[in-house]
Amino acid sequence: MTNAQVTALQYGLIGFLAVWATVLVPQLVLQFARYGRPRVRGLVTTAAVVFYACMALAVVFLPLPGAHSRRLEQTVQLRPFQWISDIHTELLKHGLSAAHWFTTQTFQQAALNVLLFVPLGLFARILWRRGLVGTLAIGAAASFAIEVTQLTANFGTAPFVYRIFDVDDIMTNTFGAGVGWLFAALLLALRAVPSAVHAQTARRERVDFAQAR
């Protein structure tokens, strides 16, 4: 992890603490008014969503370029699966065999793009109860919005474009949201199994008790 990434994560953590502290008080007030007590599950859920949003945005947009930062030679990449060709180029550049493809910076960046949107898929399935298609649409829309923001230099607030609009990022982000949805669906299915077994056992016990009478 580079120093720039560490700095971005630090700012993301600071942002999370600031936003959550702002949201926490009104959330507690609403919970006391509605339920008469705080609901830990709701507080943890809100904290998780805010934490993910702040950290993801920090990783995507920070650090901002300085006055003497180097400008990009390319700001738009519209060729799908270009990252595969970039892996081959990187292997040749460093004199590595094809077996070392997973050690390349290009692959690691693609993997991070996938992991970045896995929590979004989890939230879409568990919290928002979206289907797979809806989750993929959310992932694609969120990723596209990020790429457009980067392409416009954060809508003109940055001195110049410092991140590439990359169609591969949209594809890997969307795939990550789908992976998160599948993982959440698996967790929910595994969680439902013991409940179904317990309900079936209880039903059999009631039948046996009725027959005994």
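The following is a set of questions and answers on a predicted model.

Student: Which residues have the most contacts inside the largest nonpolar core?
Tutor: The largest nonpolar core has 15 residues. Helix H2 (40–61) and helix H4 (105–126) each supply at least two residues of this core. Those with the most contacts inside the core are Tyr52, Val60, Phe61, Leu116, Phe117, Ile146 and Tyr162.

Student: With which residues is Leu116 in contact, leaving aside its neighbours within four places in sequence?
Tutor: Leu116 is listed with Tyr52 and Val60 among the core residues that have the most contacts. Once neighbours within four places in sequence are set aside, the contacts of Leu116 are Tyr52, Ala56 and Val60.

Student: What is the volume of the largest pocket?
Tutor: The lining of this pocket consists of 43 residues. Nearest the centre lie Gln5, Gln105, Gln109, Asn113 and Asp169. The volume of the largest pocket is about 1,600 Å³.

Student: Which helix gives the largest share of the lining of the largest pocket?
Tutor: Several helices each supply at least two lining residues: helix H1 (3–35), H2, helix H3 (82–94), H4, helix H5 (132–151) and helix H7 (167–212). The largest share is 11 residues, and it comes from H4.

Student: How many charged residues are in the lining of the largest pocket?
Tutor: By class, this lining has 20 nonpolar and 15 polar residues. One of the residues nearest the pocket centre is Asp169, and Asp is counted as charged. The number of charged residues in the lining is eight.

Student: Which element gives the most residues to the lining of the second largest pocket?
Tutor: The second largest pocket has a volume of about 310 Å³. H2, H4 and H7 are the elements that give two or more residues to its lining. The most, four residues, come from H4.

Student: How many nonpolar residues line the second largest pocket?
Tutor: The lining is made up of Arg41, Thr45, Ala48, Leu122, Phe123, Arg125, Ile126, Leu127, Arg129, Leu188 and Arg191. By class, four of these are charged and one is polar. The nonpolar residues number six.

Student: How far apart are the end C-alpha atoms of H3?
Tutor: H3 has 13 residues, and at 1.5 Å a residue they should span 18 Å. The modelled distance agrees with that expectation. The end C-alpha atoms are 19 Å apart.

Student: Is Arg129 buried or exposed?
Tutor: Arg129 sits in the loop between H4 and H5. Phi of Arg129 is near 55°, a positive value in a residue other than glycine. Relative accessibility of Arg129 is 69%, and the cut-off for exposed is over 50%, so Arg129 is exposed.

Student: Is Asn154 buried or exposed?
Tutor: Asn154 is in helix H6 (residues 153–156). Phi of Asn154 is also positive, near 55°. Relative accessibility of Asn154 is 12%, and the cut-off for buried is under 20%, so Asn154 is buried.

Student: With which residues is Gln31 in contact, leaving aside its neighbours within four places in sequence?
Tutor: Gln31 is found in helix H1. At 7% relative accessibility, Gln31 counts as buried. Apart from neighbours within four places in sequence, its contacts are Gly36, Arg37, Pro38, Arg39, Gly42 and Leu43.

Student: What separates the C-alpha atoms of Val148 and Asp166?
Tutor: Val148 lies in helix H5 and is partly exposed, with a relative accessible area of 25%. Val148 and Asp166 are 18 residues apart along the chain. Their C-alpha atoms are separated by 9.8 Å.

Conventions:
Residues are numbered from 1 along each chain as its sequence is written. This is a predicted model: local features need pLDDT of at least 70, side-chain atom pairs count only at pLDDT 80 or more; totals for chains, interfaces and linings use all residues. Side-chain values use heavy atoms; hydrogens and water are left out. A nonpolar core is a set of buried Ala, Val, Leu, Ile, Met, Phe, Trp, Tyr and Cys residues joined through side-chain atoms within 4.5 Å. Buried means under 20% relative accessible area, exposed over 50%, partly exposed in between (1.4 Å probe, protein chains only). Contact means heavy atoms within 4.5 Å. On a 1 Å grid over the protein atoms alone, a cavity is a set of points where a 1.4 Å probe fits but cannot get out, and a pocket is an open set with protein on both sides within 12 Å along at least five of seven lines; lining residues have an atom within 4 Å of a point. Grid points are joined across faces, edges and corners, and a volume is the space filled by probe spheres set on the points. The expected span of a helix is 1.5 Å times one less than its number of residues.
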